Amino acid sequence: MDSTSAPQRPSVPSATTPLSVAVPGLPALDLSKTLDLQKQQLEIYRELLEALAASEHESATTFPELSKSLVNHIGILHKLKEDLQDVFTRIRALKTHFRGQYPEIYDYVQSLHVDELEDEDEGAPA
């Protein structure tokens with residue numbers, strides 16, 4: 001076979017060959033500017049990653065403390081609810097006692113209270 005009839009392979013560009021020379025028809029690019037921009041973006045991403053890692057670490061250390069505090073506050077609220085239920089139960093018992101012992105006075109006081117509520121409703125803007 002004749003070497004002139006075989007198709008010629010294009011030469012492989014080296015790593016230092018500019019891209020515009022290696023690829024015919026490609027306009028000359030300022031690759032150094034592109035590389036500088038990419039380095040700046042990489043630095044921004046590194047700083048962001050460090051900030052996120054610090055935030056995650058802070059969250060991981062703060063979460064258990066806040067969880068304990070929340071459980072404590074919920075317990076306090078449950079105790080407060082029980083205390084209020086006890087207070088209102090006692091008030092209802094006193095009202096029942098006074099209603100049975102002093103029915104006329106109890107009805108009079110209730111009528112005063114109802115009148116106060118009606119006065120407040122009339123004074124409220126519609």
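Modeller: Start with a bend. This is a predicted model, and its helix α2 bends by about 30° at Thr62. A proline, Pro64, follows within four residues.

Biologist: What makes the 30° at Thr62 a bend?

Modeller: The bend is the angle between two fitted axes, one for the seven residues ending at a residue and one for the seven starting there. At Thr62 in α2 that angle is about 30°.

Biologist: How do you know that the span of helix α2 agrees with its 71 residues?

Modeller: Count 1.5 Å a residue, and α2 (residues 31-101) should span 105 Å. Its end C-alpha atoms are 99 Å apart, so the two values agree.

Biologist: Which elements does the chain have, and in what order?

Modeller: The order from the N terminus is α-α-α. That makes three helices and zero strands.

Biologist: How much of the chain is buried?

Modeller: Buried residues make up 1% of the 126 residues. The chain exposes about 12,000 Å², and carbon and sulfur atoms supply 62% of that area.

Biologist: Why is the contact of Glu43 with Arg46 called a salt bridge?

Modeller: The cut-off is a side-chain nitrogen within 4 Å of a carboxyl oxygen. For Glu43 and Arg46 the closest N and O atoms are 4.0 Å apart, and the pair counts as a salt bridge. Both residues lie in α2, three residues apart, about one turn of the helix.

Biologist: What is the N to O distance between Arg90 and Asp86?

Modeller: It is 3.4 Å, and their side chains meet in a salt bridge. Arg90 and Asp86 both lie in α2, four residues apart, about one turn of the helix. The count of salt bridges comes to two.

Biologist: Why do Arg90 and Asp86 get separate labels?

Modeller: Exposed means over 50%. Arg90 is at 56%, so Arg90 counts as exposed. Asp86 is at 38%, so Asp86 counts as partly exposed.

Biologist: Which residues form the nonpolar patch on the surface?

Modeller: Leu94, Phe98, Tyr102, Ile105, Tyr108, Val109 and Leu112 form it, with about 690 Å² of accessible area together. The elements giving two or more residues are α2 and α3 (103-123). The largest share, four residues, comes from α3.

Biologist: Where does Tyr102 sit, and why is Tyr102 called partly exposed?

Modeller: Tyr102 is in the loop between α2 and α3. Its relative accessible area is 39%, so Tyr102 is partly exposed. Patch residues need over 30%, and Tyr102 has 39%.

Note on methods. Residues numbered from 1 in each chain as written. Predicted model: local features only at pLDDT ≥ 70, side-chain atom pairs only at ≥ 80, totals over all residues. Heavy atoms only, no water. Buried < 20%, exposed > 50% of the residue type's maximum accessible area, 1.4 Å probe, protein only. Areas by Shrake-Rupley, 256 points an atom, 1.4 Å probe, with all protein chains shown as cover. Expected span 1.5 Å × (residues − 1). Patch = residues over 30% accessible without salt bridge, like charges linked within 9 Å, V, L, I, M, F, W, Y side chains within 5 Å.
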